[in-house]
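Work through the exercises below with the sequence and the model side by side. Each task is followed by a solution in steps.

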Amino acid sequence: MAPTTLSGLRFAWLEVTGLCQETCSHCYADSGPKGTHGTMTVADWLSVIDQLADMGTVDVQVIGGEPTLYPNLPELIEHAHGRGLGIEVFSNMAHVRPELWDAFTQYGVKLATSYYSDNSGEHDQVTGLRGSHRKTRANVQKALELGIPMRGGVVAVRSGQRVEEAARDLVSLGVPQVGGDRTRAFGRASQGAAPTIKDLCGHCAHEKCAIGPTGDVWPCVLGRFLTMGNVKTTSVADIWSGAQAARVTADIAAVHGEGVQSCTPPQFLPMCGPCGPCVPSVGHCDPREATAEAPAIGVPA
C-alpha cells in the first residue's frame, strides 16, 4: 500500500513518566514503582509543547505512568496554557500535591481518571495499592468541588467486576462523563504476547500522536510498538510529515481500513470521540462485538 499523507496534528499525548505508585495488571504502558521519567528533559518537553502549538495542535493530554509524580508537571501545564493549548491530565488521582491543585485551577486543566469498582477492596485489588480507592474517590470529589472538569473511565479487568456499580458511583459524585473499555492486549495485559495492529481501535495517527518519555513518537499510546520518529533528533513537524509516519499510518489502514470503530475506543483516548457513555458489562466496549444488552451509564436526563 502506498504511504498515506497525514492530516493536521490536533491532539497529542505527552507521556512524561513511566513511574506509577500502582501496579495494575492491565497497564498498557507497563508502568509501576520501578518506572522512570525517561530521558526527556524539562527543556525537551517545553520544546515539544512549543512545536505542537506552532503546528496548530489544539489539545494535549499529560499521561504516564502517573503524571502527578512528574516533579515538573506544574511547569509544563503553565507553559502549555501560555501557548494556548487545552490541557487534560489523566491521573489515578491517588495523590495530588497542593501545587498541582493550584495549577489545575489556575490554568483550566481538565482531569480524567480510571475507576474500577464501587467496592474499595475490589478497586484496590486491581490497582495493587491499598487505600487507592479511598484516595481516588476523595480526590475526585475535591476536583469537582473546585470546579475542575472531570471525566472517568471504567475498564473491565476481571470476571464479575462491579463495572456498572463503579460507573454509577462516579455519576453519583457528579462526574458528568463516564466511559468504559475492555482490557487491551498491550503492556502487562498482553501477558507476554507480541502487540498487533489488529488490537488497536484503528483511529491511531488520525490527527493525533503520542510522545513517550524517551522522545519516541507513536500513533497513539497503545501503538508504542509503531515508532514514527524521535523528538530528540527530529522536529515534531518533520516526524509528522515524514515517510515513517506515513508508512505506519498505511500499515494501520491496511488492517482496519477506513471503517474503523466509530464508537468508544479506549476510555483514555479523548480525541477518539466516543459516541456516548458505555460500561463494558459484557467484558468489552467494542461496537463490532457489543450486544444490545450492554447498558449505557451517564448522568440522568
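**Exercise 1. The end of helix α6**

Find which residue just after α6 takes a positive phi, and which residues of the helix are buried.

Step 1. Just after α6, the residue with a positive phi is Gly174, at about 110°. The model is a predicted one, in which local features need pLDDT of at least 70, side-chain atom pairs count only at pLDDT 80 or more, and totals for chains, interfaces and linings use all residues. Residues are numbered from 1 along each chain as its sequence is written, and side-chain values use heavy atoms, with hydrogens and water left out.

Step 2. Helix α6 covers residues 163-173. Helices are DSSP runs of H or I with at least four residues, strands are runs of E with at least two, and both are numbered from the N terminus.

Step 3. The buried residues of α6 are Val163, Ala166, Ala167, Asp169, Leu170, Val171 and Leu173. Buried means under 20% relative accessible area, exposed over 50%, and partly exposed in between, with a 1.4 Å probe and protein chains only.

**Exercise 2. The nonpolar core**

State how many residues the largest nonpolar core has, and which of them have the most contacts inside it.

Step 1. The largest nonpolar core has 72 residues. Such a core is a set of buried Ala, Val, Leu, Ile, Met, Phe, Trp, Tyr and Cys residues joined through side-chain atoms within 4.5 Å.

Step 2. Leu14, Trp45, Ile77, Phe104, Leu111 and Ile211 have the most contacts inside this core. Helix α6 gives the core its largest share, 6 residues.

Step 3. Take Leu14 and set aside residues up to four places away in sequence: Leu14 then touches Trp45, Val48, Ile49, Leu52, Val60, Gln61, Val62, Ile63 and Ile211. A contact here means heavy atoms within 4.5 Å.

**Exercise 3. Aromatic pairs**

How many aromatic pairs does the structure hold?

Step 1. There are 2 aromatic pairs. Rings of Phe, Tyr and Trp (its six-membered ring) pair if their centres lie within 6.5 Å; planes under 30 degrees apart count as stacked, over 60 as edge-to-face and the rest as tilted.

Step 2. Phe11 and Trp13 pair edge-to-face, at 4.9 Å centre to centre and with 85° between the planes. Phe11 is buried at a relative accessible area of 3%, and Trp13 is buried at 1%.

Step 3. Trp101 and Phe104 also pair edge-to-face, at 6.1 Å centre to centre and 85° between the planes. The two are 3 residues apart in helix α3 (residues 98-106), so about one helical turn separates them. Both Trp101 and Phe104 are buried.

**Exercise 4. Two helices in contact**

At what angle do α4 and α5 pack, and how far apart are their axes?

Step 1. Helix α4 (residues 120-127) packs on helix α5 (residues 132-145) at about 100°, with the axes 8 Å apart. Axes are lines fitted to C-alpha atoms, for helices over the stretch in contact, and angles run from 0 to 180 degrees between N-to-C directions.

Step 2. That angle makes α4 roughly perpendicular to α5. Angles under 35 degrees count as roughly parallel, over 145 as roughly antiparallel, 65 to 115 as roughly perpendicular and the rest as oblique.

Step 3. Ser120, His123, Asp124 and Thr127 of α4 meet Ser132, His133 and Thr136 of α5. By class, this contact has no nonpolar, 6 polar and 1 charged residues. Ala, Val, Leu, Ile, Met, Phe, Trp, Tyr, Cys and Pro count as nonpolar, Asp, Glu, Lys and Arg as charged, and the others, Gly among them, as polar.

**Exercise 5. Loop residues**

Which two residues are joined by a cis peptide bond, and where does Met93 lie?

Step 1. The cis bond runs from Gly64 to Gly65, with omega near 25°. Gly65 is in the loop between β2 (59-63) and α2 (73-82).

Step 2. Met93 lies in the loop between β3 and α3. Met93 has a positive phi of about 60°, although it is not a glycine, and is buried at 0% relative accessibility.

Step 3. Asn92 lies in the loop between β3 (86-90) and α3 and is buried at 9% relative accessibility. Not counting residues up to four places away in sequence, Asn92 touches Cys20, Gln21, Glu22, Glu66, Thr113 and Thr136.
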